[in-house]
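Please consider the model shown below. How do the terms used for such a model follow from the values behind them?

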Amino acid sequence: MGDQMQFIVEKLNQEPFRKNYNLISFDSLEPLQLLQLLSDVLGEIDPKHAVDIREELPEQTAKRMLNLLGILKYKPPGTVSDLSAFRQGLVTGSKPVIHPVLHWLLQRTNELKKRAYLARFLVKLEVPAEFLQDDTVADFNKQYEELMEAFKNLHKEHEQLKISGLSTAEIRRDISAMEEEKDQLAKRVERLKKRVETVQNHQRMLEIARQLRLEKEREESLAQQKQEQKSQLFHAEQRLQRAQVQLKEMQHVVADSKPESLMKKLEEEINFNSYLLTEKIPREMESKKTSVYFLQKVVSEPAMTQADVTALEREINEVNAQMNQLIEKRMMKYEPTDSKFSMYRQQASIISRKKEAKAEELQAAKEEMSSLERQVEQKSSRAHELEGSEVLTEDEFKQYVSKLRSKNTFYKRKRLEIAEITAEYGILQRTEELLRQRHEAIQQQLQAIEEKKGISGYSYTQEELERVSAVKSEMDEVKGQTLDNMSEMVKKLNAMVAEKKASLAPVIKELRQLRQNCQELTQERDEKKIQYDSCAAGLETNRSALEQEVKGLLEECAQEESNYHYINCMKRSLEVQLQRAKEEMKAYVSPDPQERRRAVREQYTRIILEQENLGKKLREKQKVVRENHGPNMKQMKMWQDFEQLMECKRECFLKQQNQAAIGQVIQEGGKDRLVL
């Protein structure tokens, strides 16, 4: 295992990955980073897989990687149960699963690149047998297989040409042809030299031409360097953006890294994924399978006419009516026990529907969040390109607010300190003024005492003498040190000059001789340079003419080749059409009625007859409807009048019953009064 990791790290640190990993940093990668690393390696093998896994769902990532590994013929170790564990480990980014895959891919990168390239053209597209019954689809499928075989043959020839080198006879012929061209070029150069020598200032013109050529070459190299630096800058910015996103994610995870919250999030994610795995996805798969089954059944059946459609609609209406009758019967036979179970069933169905709706909302919210994150990344990258300030995230804004609060408290504390210092400064100023006043009073008293004693100005004179003597002693010390340092420095400089003169004397002699040699070599170099520039200018003109001629011939060859391929394709399409026409003619002329029915003409003739018969029937129905329209309208009017008459009779009967009931009540009331 250690050798495997060492091999993976060495390969990843080389071109074209340049990851700069060591064993510790590689072993400490997160599952998401491992999956991204595996996706990058697969993207190097097949450029279609060079994607960011954060921009796609985990199921899509696992499906994409498994498909490519199957094309590359990677065989995971173990039995069928181990295969399921391998798929699960690939989805979760497990190290025991990812490390062997990386080791296998990095061992044979060039071979796998070739295999992935061939898979783009040699993985056969499976067409269902029902569709192959159509002649057009069958012809296209046959043409597709023929093109695949042609690609195989061309690839084999290409590989053989790469392996087999040129023969010695061909090399000798090429060398002899190149020598002849060299002789011709030399003769042309001599002729051009003779022509140029007659022109005035030809040396200056040749020098200018040489400088122009050098500047053009320098301009091309600078443009190429600029393009390379732009591409390097773009890749570096992409890596920086990816690193910033990873840093933000890690900071967000560290900010919310409480064990309880992490466990709660993991439990919610596990519950949601288990619900998707056990309930939602199997139900959706079952519904898709049933819909596919019905669609296949519909496709396998023959074409339906309008009469068949009306018959099916009639059957559907009858079945719906029977279902309504059964539901009414069930409602009439309503029982309490069934009501309880039905209530529970209704509640369970409502809860399951709500659960499905919430799961769909959660899935949609996750997709929306991923799309919004991609939009945020795009907007931030665009703002960065426009040299604007980046938009702060929620965590960064919180950190910014906390920094502002800490700075505010620090500012208030420093402000209080400044206020205290200001107050203390005022006290010290007042103290200084008091001390100055006392000093002036003492000086006045001292002067008064000196005047009394007759020695006024004695204290001031004594202070000045002490100050002057102290300054003089300091100046004397500085002068002495300066003179000593200067004398030592002069001695050192004289010694160094003498040493340098002694050491440089032989070198100066050699330099004089070398200068003379340099002047001679410079003159010789200038002469040779002039000869070389003149020769190079002639060769350059001939080379440019030859390049133009070769370019024109190559373009003409490419044009002729494209014309050949176009004519060949047109020829094939015409041959296919001619073959179909022959088959149609053969089927139409054939005495076999079964074979004749397959002809397109017979099919369209039969369809036309069916449509004509259908039109005749519809016209007859229309005629019958028109003839019976008047009597039917009269009968409908009579039925409406009869209905109104019966309604009036019903109302009269009801009124009569109400009056009879009222009269009976009145008679019973009169009898009761007589009895009383």
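The questions and answers that follow concern this predicted model.

Q: What makes up the secondary structure of the protein?
A: The protein has 18 helices and zero strands.

Q: How much of the protein counts as buried, and what is its accessible surface?
A: Of its 676 residues, 12% count as buried. The accessible surface comes to about 57,700 Å², and carbon and sulfur atoms account for 58% of that area.

Q: What makes Arg-543 count as buried, exposed or partly exposed?
A: The relative accessibility of Arg-543 is 39%. Buried requires a value under 20% and exposed one over 50%, with partly exposed in between; Arg-543 therefore counts as partly exposed. Arg-543 belongs to helix H16, which covers residues 458-589. In sequence, Arg-543 and Leu-185 are 358 residues apart, while their C-alpha atoms are 9.6 Å apart in space.

Q: How do you know whether H3 and H6 are roughly parallel or oblique?
A: The axes of helix H3 (residues 31-45) and helix H6 (residues 95-107) come within 11 Å and cross at roughly 20°. Angles under 35 degrees count as roughly parallel, so H3 is roughly parallel to H6. The crossing of H3 past H6 is left-handed.

Q: Which residues of H3 and H6 meet, and how do they divide by class?
A: From H3, the residues are Leu-34, Leu-35, Leu-37, Leu-38, Val-41, Leu-42 and Ile-45; from H6, they are Lys-95, Ile-98, His-99, Val-101, Leu-102, Leu-105 and Leu-106. By class, this contact has 12 nonpolar, one polar and one charged residues.

Q: Why are H3 and H4 called oblique to each other?
A: H3 and helix H4 (residues 58-71) pack at an angle of about 40°, with their axes 11 Å apart. Roughly parallel requires an angle under 35 degrees, and roughly perpendicular one of 65 to 115; H3 and H4 are therefore oblique. H3 passes H4 in a left-handed crossing. Leu-35, Leu-38, Ser-39 and Leu-42 of H3 make the contact with Arg-64, Met-65, Leu-68 and Leu-69 of H4. The residues of this contact comprise six nonpolar, one polar and one charged.

How values were computed:
Residues are numbered from 1 along each chain as its sequence is written. This is a predicted model: local features need pLDDT of at least 70, side-chain atom pairs count only at pLDDT 80 or more; totals for chains, interfaces and linings use all residues. Side-chain values use heavy atoms; hydrogens and water are left out. Helices (H or I, at least four residues) and strands (E, at least two) are DSSP runs, numbered from the N terminus. Buried means under 20% relative accessible area, exposed over 50%, partly exposed in between (1.4 Å probe, protein chains only). Accessible areas come from the Shrake-Rupley method with a 1.4 Å probe; for residues, only the protein chains shown count as cover. Axes are lines fitted to C-alpha atoms, for helices over the stretch in contact, and angles run from 0 to 180 degrees between N-to-C directions. Angles under 35 degrees count as roughly parallel, over 145 as roughly antiparallel, 65 to 115 as roughly perpendicular and the rest as oblique. A crossing is left-handed if the near helix is turned anticlockwise from the far one by less than a right angle, and right-handed if clockwise. Contact means heavy atoms within 4.5 Å. Ala, Val, Leu, Ile, Met, Phe, Trp, Tyr, Cys and Pro count as nonpolar, Asp, Glu, Lys and Arg as charged, and the others, Gly among them, as polar.
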